[in-house]
Amino acid sequence: MTTHETRSPGGLILPQYGSDDQSHPALNTPEYRSTALRYPKQPLQYLPQYLTEVTGPLLGQDRCGEHDHDLTVQHDDEPLGERIIVGGRVLDSGGKPVPNTLVEIWQANSAGRYRHQGDRHPAPLDRNFSGSGRCMTDSDGNYKFITIKPGAYPWRNHDNAWRPAHIHFSLFGQAFTQRLITQMYFPGDPLCYQDPIFNSVRDEQARERMISRFDLDTTVPEWALSYKFDIVLRGLEGSVFEDEEEEDD
Ligand SMILES: [Fe+2]
């Protein structure tokens, strides 16, 4: 993600996206049909951050319950599917860890179904899986979730359209107005090549940064495979973030 940084009156560094950016998705991506309905038709306006935005309530540790990071123990029994560990570090553009920042995820269950009334995919819900979790990064920027590998699901964007397995991520920076959203994919997924959301990121290396890495070192023997997904908030090695409000696509 190529960004140009701007210092706001509040002293924070805000990312700005160049219109010729090959790694940040275009606001209107015709292959991803619903972007035509919601992309801004007017030039974006810079909204300076003042003291209210910078010092407003931060979503922190007090928002995280005991089981929020473990999506497999939030109900009476374990959910169905392949248990996995998803972890990594949140870093800034200089490689410095971002501690104490809220990381949230949401995802479909192992059958590719969201617990959401708008999801009409004829696949079973799992009464033991809600599909959302959150945790704080530690002092070294580490986060970790235990969850179930999500299933692929159809989404009617085009003929025979299927979303690759993915997990949605949301991150809060130093202020509420800095919230960033992205998606994590799995290595070797055969559906990525035909997915307009994945391919809306035109730069190949940037697309690769949306794919997690299988990690044998943190795989727990006889219990769960582990995937690593580092998130870099800015810079040439930055993760790819969405401009839109969160979507279940
Ligand atoms: Fe999704």
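**Exercise 1. Identify which residues of the largest nonpolar core touch the most other members, and state which elements supply this core.**

Solution. Of the 38 residues in the largest nonpolar core, those touching the most other members are Val90, Val103 and Phe169. Such a core is a set of buried Ala, Val, Leu, Ile, Met, Phe, Trp, Tyr and Cys residues joined through C-beta atoms within 7 Å. A residue is buried if 20 or more other C-beta atoms lie within 10 Å of its own, exposed if 12 or fewer, and partly exposed in between, with C-beta atoms placed from the backbone. At least two core residues come from each of strands E3 (83-91), E4 (102-106), E5 (132-136), E6 (142-148), E9 (166-171) and E10 (180-185), and from helix H3 (196-199). Helices (H or I, at least four residues) and strands (E, at least two) are DSSP runs, numbered from the N terminus.

The model is predicted: local features need pLDDT of at least 70, side-chain atom pairs count only at pLDDT 80 or more, and totals for chains, interfaces and linings use all residues. Residues are numbered from 1 along each chain as its sequence is written.

**Exercise 2. List the residues that Val90 touches, not counting residues up to four places away in sequence.**

Solution. Contact requires C-beta atoms, placed from the backbone, within 7 Å. With residues up to four places away in sequence not counted, Val90 touches Val98, Thr101, Val103, Thr137, Gly141, Tyr143, Leu171, Ile231 and Leu233.

**Exercise 3. Determine the strand order of the open four-stranded sheet and explain which strands stand at its edges.**

Solution. The order is E5-E4-E9-E10, with antiparallel pairing. Two strands pair if DSSP finds at least two bridges between them. E5 and E10 each have a single partner strand and stand at the edges, so one side of each has no neighbour in the sheet. Neighbouring strands are turned against each other by 25° on average, direction ignored; axes are lines fitted to C-alpha atoms, for helices over the stretch in contact, and angles run from 0 to 180 degrees between N-to-C directions. The antiparallel pairing of E9 and E10 extends over six bridges. His166 stands opposite Tyr185 in E10.

**Exercise 4. Classify Leu180 as buried, partly exposed or exposed, and describe its surroundings.**

Solution. Leu180 lies in strand E10. Leu180 is partly exposed because 19 other C-beta atoms lie within 10 Å. Not counting residues up to four places away in sequence, Leu180 touches Leu171, Leu233 and Phe241. Leu180 and Phe241 are 61 residues apart along the chain, yet their C-alpha atoms are separated by 6.3 Å.

Notes
Contact = placed C-beta atoms within 7 Å.
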